[in-house]
Amino acid sequence: MRPTRFRVCLLICAIGTCLTTIALDAQTLSAVLTGRVTDASGAVLPGVSIVMTRLDTDVTEWQGVTDQLGLYRASSLPPGRYDVILALSGFKTATVHDVSLQVDQRLNLDARLETGGIRESVTVA
């Protein structure tokens, strides 16, 4: 039994759909922000609380904590401008203003926290 033209066309369309799906899956419409948080001496700081607020919506898009190596990874972030706040007890809170993320961007943002009281803060421009 020979395949008909209809079956051949159907097979070609199915293959084309699969290939298109794979190609679209490779593209992301989001950004990733990673970094390491250290103290003034360069020692890593685990347990730092990080909050990312999108400026145009005033919505917290991501919050997390640095791991044992002082690293964090905020993925699947919508493109936009963000304020990033980093806080840990015994250190001054640091704020990095106006961090701009583009579609499919991977940005590294390292931070250094200074020792200080709970109410002290540092703004990084």
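## Report on a predicted protein model

Buried residues, meaning those under 20% relative accessible area with a 1.4 Å probe and protein chains only, make up 29% of the 125 residues in the protein. This is a predicted model, in which local features need pLDDT of at least 70, side-chain atom pairs count only at pLDDT 80 or more, and totals for chains, interfaces and linings use all residues. Residues are numbered from 1 along each chain as its sequence is written, and side-chain values use heavy atoms, with hydrogens and water left out.

Along the sequence the order is α-β-β-β-β-β-β-β-β-β.

| Strand | Residues |
|---|---|
| β1 | residues 31-39 |
| β5 | residues 80-87 |
| β6 | residues 93-101 |

Strands β5 and β6 run antiparallel and are joined by six bridges; two strands pair if DSSP finds at least two bridges between them. L86 stands opposite A94 in β6. Five residues lie between the strands of this hairpin, where G90 takes a positive phi near 90 degrees.

T38 lies in strand β1 and is buried, with a relative accessible area of 10%. Leaving aside neighbours within four places in sequence, T38 is in contact with A43, V44, L45, A111, R112 and L113. Contact means heavy atoms within 4.5 Å. Of the contacts in the protein with a separation of 6 or more, 60% come from residues 24 or more positions apart.

Technical notes. Helices (H or I, at least four residues) and strands (E, at least two) are DSSP runs, numbered from the N terminus. Buried means under 20% relative accessible area, exposed over 50%, partly exposed in between (1.4 Å probe, protein chains only).
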